[in-house]
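Let's take a walk through this structure together, from its helix packing to its core and a few backbone details. Have the viewer ready so that you can follow along.

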Amino acid sequence: MLELDQRLETEVLIIGSGAAGSAAAIAADEYGAQVLMIAKGASGHCGNTNLAGVVYAAALGHTDPRDSPQVHLEDTIIEGRFLGDQRLAKILCDNSPHTVYDLARYGVPWYRMEDKKHFLQAPTPGHRYDRGAHYDGRTGEMVQKALTAELARHPDITILDDVMITTLLKQDGAIVGAAGIDLKSGGMICISAGSTIVATGGSGKIFQVTDMETGSSGDGVVLCLRAGASLIDPEMHQFFPTAFVFPDTLRGTALATSALWKYGLRMFNRVNERFMERYYPVEKENVPRDVLSQCIFKEILERRGTEHGGVWLDTYAVENWEHWRRDRARTYVWPAKLGVDVRRSEVAPTSHFTLGGIRFDENAQTGVEGLYVAGEAAGGIHGANRIGGNALAECMVFGEIAGRHAALARRSARPADECLLHEERLRLERMLGRTAVPNGVSPARLTARLRDTVYRNGGVVRTEKLLKRGLADIQEMRQEFENCLQVSAGEHYNVEWVRALELDSMLTIGEITMKAATLRKESRGAHFRVDYPYPDNGNWLKHIVARLDEGKILLSTVPVEFPYMQLIPMRTEPPFRQLDAVLQ
């Protein structure tokens, strides 16, 4: 029996403690609001910000004075295949430069140029000029560390760790707070709030191979959906082409970097064929991320993959190997210390970033009164592809905007109706109290099945047949979840409670992904349909919007708007040239 152990009140509630949540908390506090920030794990350590690698995109123009926010905007729109919301992208590009200085003030030791005044900016694929502020391949880690230190300088910000929010409380059409489980005690917690910001990150965990943090289950997105918000472009998930698939301890961890493809990285399939010569005789491996991911995945689908479901990444021909090895210690030196052969490794595409997310406006509002969103839980900025460095910048820019507007709203907290709490308690007890089910299935087992299904049928390469097969599997798993789920007993730090709640969200996100990918009958950026291998600007310059109506998924489309930049010709040939085998 779940007991309501805690009742709290605040003006601004922030769910999520990564870069977006931290930036929102700092901004809301600076605008005079009472702030409570919730972390599903240990704040400052959980979430994806710590895992972000090399660059932070900002058009400072320090390394290359030709750069500007306007050029950054153009690059973002073009690489997003013109599907991104241009108004949101402009806000990102205009505001990311000042956040670099904010983070320097908080303590990020950005690499600087010889004059010690200007920041050294690195080249990154998709960016016209050198634009990436960075530090030692650990940029995300240093950003999170600096934000955590800055939060400590704001004593009026309250932080609660190890709390999993399970529902947003909606009353008279407005969000009045949230409820969930204190994982330490196993009791329920209710938080009344004037404004609520969801900054819970992406949903990469729905894929079997991902370099995202283990808690990236899309639960914040589903919280918003169930509260009446909409999800934009849910079919769009970005993959990084090369990540370990073996050993299991490194599965999903990205290996190699985009900068090395032209310096000798090579790919081989199970029969030791350098297969990129077959697809692209001139370019070989030196093609965009999405194209390389699709070619690798095709090899795996056609049974030319390795024993562990990947292909071979070979570094023996890399020019000046010792320099690159030392320069990218996290990528090569650290795995080698674990006994991994980084000269020839088994790799496959890894889910890297959730492009779709909750639909929001220039003030980070979701269309539901009192509910704001920021970071990877939000969607629409990047369109069909994201260029490197825009993720961290997005978290800072829109985290700050969400915090400011949530604070300026000046809503007072009001107690939630007791019937809302009672309904949530009953729902949780039905799900988490199933400790003795005949032929029961554990959350871990069902989660593994789901992740395999989504990766194989709705991952890098998609067809109508694969998507329908995956959707049928997910719907079958939903029935198993409802009728056969078995959760271990125990209240204090019950990991199976967390896994069951995450699985509930992942099933919803997986189903929406499959349905939206089936609806979009074209290929655009990260969304590649072998049966519709070309972009269709005539029919599909549209966003797909998903919402829930009494638990049922409803999809619709809205046209893309062009306030700042008109469509220019894009690549029209298929990302790879042999399609027949995948269509069979």
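How are H13 and H14 oriented to each other, roughly parallel or roughly antiparallel? A word of caution before the answer: this is a predicted model.

**Two helix pairs**

Helix H13 covers residues 464–484, and its axis lies 9 Å from that of H14, at an angle of about 155°. Angles over 145 degrees count as roughly antiparallel, and H13 and H14 are therefore roughly antiparallel to each other. Their crossing is left-handed. On the H13 side, the contact is made by Glu 464, Leu 467, Gly 470, Leu 471, Ile 474, Gln 475, Met 477, Arg 478 and Phe 481. H14 contributes residues that include Ala 500, Leu 503, Leu 507, Met 514 and Ala 517, along with Asp 504, Glu 511 and Lys 515. By type, the residues of this contact divide into 10 nonpolar, 5 polar and 5 charged.

The second pair brings together helix H1 (residues 19–30) and helix H10 (residues 390–408). Here the angle is about 40° and the axes are 7 Å apart, which makes H1 oblique to H10. H1 passes H10 in a right-handed crossing. From H1, the contact draws on Ala 19, Ala 20, Ala 23, Ala 24, Ala 27 and Ala 28. From H10 come Cys 395, Met 396, Gly 399, Glu 400, Gly 403, Arg 404 and Ala 407. The contact of H1 with H10 has 9 nonpolar, 2 polar and 2 charged residues.

**The nonpolar cores**

Which residues touch the most other members of the largest nonpolar core? They are Tyr 56, Leu 103, Trp 110, Leu 168, Met 267, Met 276 and Phe 398, out of 155 residues in that core. Helix H14 (residues 495–519) supplies the largest share of this core, with 11 residues. A second, separate core has 8 residues, among them Met 236, Phe 353, Ala 391 and Val 560.

Setting aside residues up to four places away in sequence, Trp 110 touches Tyr 56, Val 100, Leu 103, Ala 104, Phe 119, Ala 133, His 134, Thr 139 and Val 143.

**Another tryptophan**

Trp 324 sits in helix H8 (residues 321–327). Is Trp 324 buried or exposed? Its relative accessibility is 13%, so Trp 324 counts as buried. Beyond its neighbours within four places in sequence, Trp 324 is in contact with Leu 260, Tyr 263, Val 318, Glu 319 and Tyr 332. Leu 260 is 64 residues away from Trp 324 along the chain, yet their C-alpha atoms are separated by 8.4 Å.

**Backbone details in the loops**

The peptide bond from Phe 246 to Pro 247 is cis, with omega near 0°. Pro 247 belongs to the loop between strand E11 (237–244) and strand E12 (266–268).

Asp 162 and Asn 272 each have a positive phi although neither is a glycine. Asp 162 is in the loop between strand E6 (157–160) and strand E7 (163–171), while Asn 272 is in the loop between E12 and helix H6 (276–279). Their values are set out here.

| Residue | Phi | Relative accessible area | Class |
|---|---|---|---|
| Asp 162 | about 55° | 18% | buried |
| Asn 272 | about 65° | 46% | partly exposed |

Technical notes: Residues numbered from 1 in each chain as written. Predicted model: local features only at pLDDT ≥ 70, side-chain atom pairs only at ≥ 80, totals over all residues. Heavy atoms only, no water. Core = buried A, V, L, I, M, F, W, Y, C linked by side-chain atoms within 4.5 Å. Buried < 20%, exposed > 50% of the residue type's maximum accessible area, 1.4 Å probe, protein only. Helix = DSSP H or I, 4+ residues; strand = E, 2+ residues; numbered from the N terminus. Contact = heavy atoms within 4.5 Å. Axes fitted to C-alpha atoms, helices over the stretch in contact; angles between N-to-C directions. Parallel < 35°, antiparallel > 145°, perpendicular 65-115°, else oblique. Left-handed = near helix turned anticlockwise from the far one by under 90°. Nonpolar A, V, L, I, M, F, W, Y, C, P; charged D, E, K, R; others polar.
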